[in-house]
Amino acid sequence: MIGILGSEWYKLQKSKAIFLLFAGPIAGLLIGLVVDINLLPGEAINKWHLALLSMNLNYALLFLPLITGVFASMICRYEHQAGGWKQLLAMPVTRGKVFIAKYLLLVTVILGMQILYLGSVFVVGIVHGITDPFPMVIVWKSILGGWIATFPLVALQLGISIMWKSFAAPFAVNVCFTLPAILAINSDRFGPYYPWAQPFSMMYIGGNTEDVFFIPWDQLLTVVGGSFLIFFICGYLYFQRKAV
Amino acid sequence: MIGKLVAQDVLKIKRKGIWFLTFLGPFGVVALQMVNYGVRKAYLLQQSDDDWAYYISNVSAFSPFALILGIAILTSFMASIENETNGWKQLTALPVSKMAIYLSKFTVLVMLLFLSSILLALFSLSYGVFLNLGDEIPYLELLKYSIYPFLASLPVLALQLWVATVSKNQGIPITVGVFGVILSYSAYVLPDWMIWKWPSLLNQWNEPMINVLFGLTFGAILYVIGMVDFMRRDVK
């Protein structure tokens, strides 16, 4: 298992996908710098909340779901070229382990991106001259929560990327699911049940701060956990049966 | 010659899901309004006196955005058709100029997007009629808000086609596309010179026509730059 992870990591390094890791935090940084947080309405206890809110809208709602799909395609790119699946699966590895290794690497990469995003939140705050104390707990909740909310999305995108050779097709599927999230987050009825709206809900600060995350535990378990199980098992089974 | 190239490019996109996406884009934009109006029709109708104008503004809140996404997806599809089968080499070995190859790809994409825009006008008209928004149907406005964003997005199309055809790794054009989407989603805070703002038809003069003219001019310029670069590059 460690060996497969190592080889996946090596392939990822060579594919220059690592540069993509900086794309999200940089996008967040630019948005944060453009928006003048001092002009935002609403009286907040802590100005860091405002900085995070203004950056999260674009980042968590659109960028995070979309970029997970791009990473998933990137991670399958080597295998799709010139019979890579055949070579990989001819090694003494099981298909299940390959799938799990790719998945684990993907979520690790997303975690790295989230941490970099935290860094860009910090930079935006410094540039805007926020003097309030840095709300470490809340920000960590938001960063980690957003990360966990991408688990089902990553599982689905990994499955689809294994299925299709082209980059555009998985991306198109991803877009079709991500766009309705813009409407879903405005709806009290559908928002909590739509997996693609969860990264935003999890990163949105202002929910019940008593809980571990910003959405209730049962919602986290049923919507995020449930869709994760469905997508992961489907992708896993599909890969077992895929003809290479 | 260009006619035949276009015909073969149209043939190549058959059964790849591209026609489906061309239909899905405008349908999705109107479907979002179906959900929107379905859930809170009474509230939305209260928002303004001119229900048609308000409805069109709602539709066109999403259309620039869908257009940018569609451009990113379609251009990457176009390039990967050739990339996956090493088709560029075979294509350039034919007695056709690289200029014509590039032009034909661009033409097919423009056709597809134009079709999407017409479909958008038709879909939004039908749903508007279904909603019973009033007897005076603003046909001209409907057509304007479907075609103008398309014309204003030509620079984005030229840029994406350029990036997609010259990069071997299609992750690059898709990432550029994701950035475009993020930018067009926050169009109202962008400065006027950014091409991703133009499809939203917003500008400081409040005159959509300026975006269209900018789109046509800079679309042509970016197209030429992309084509020249494509011609000078080695075939991989």
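## A helical span in chain A

Residues 220-239 of chain A are 100% helix and 0% strand, with end C-alpha atoms 27 Å apart. Helices are DSSP runs of H or I with at least four residues, strands are E runs with at least two, and both are numbered from the N terminus. This is a predicted model, in which local features need pLDDT of at least 70 and side-chain atom pairs count only at pLDDT 80 or more, while totals for chains, interfaces and linings use all residues. Residues are numbered from 1 along each chain as its sequence is written, and chains are lettered from A and ligands numbered from 1 in the order in which they are written.

UniProt, in an unreviewed entry, gives "transmembrane region" for residues 17-39, 59-78, 99-126, 138-160, 167-185 and 220-239 of chain A. Its positions follow the numbering used here, feature names are shortened, and annotations may be inferred rather than shown by experiment. Residues 59-78 of chain A are 95% helix and 0% strand. Their end C-alpha atoms lie 28 Å apart.

## Chain A as a whole

Chain A has twelve helices and zero strands. Of its 244 residues, 47% are buried. Buried means 20 or more other C-beta atoms within 10 Å of a residue's own, exposed means 12 or fewer, and partly exposed lies in between, with C-beta atoms placed from the backbone.

Two residues are in contact if their C-beta atoms, placed from the backbone, lie within 7 Å.

## One residue: F228(A)

F228(A) sits in helix α12 (residues 217-241) of chain A. F228(A) counts as buried because 20 other C-beta atoms lie within 10 Å. Setting aside neighbours within four places in sequence, F228(A) touches F151(A), P152(A) and A155(A). D132(A) is 96 residues from F228(A) in sequence and 37 Å away in space, C-alpha to C-alpha.

## Where the chains meet

Chain B brings 25 residues to the contact, and chain A brings 29 residues. On the chain B side, α2 (18-46), α3 (51-84) and α8 (171-185) each give two or more residues. α8(B) gives the most, with eight residues.

The chain B side has 14 nonpolar, ten polar and one charged residues. Here Ala, Val, Leu, Ile, Met, Phe, Trp, Tyr, Cys and Pro count as nonpolar, Asp, Glu, Lys and Arg as charged, and the others, Gly among them, as polar.
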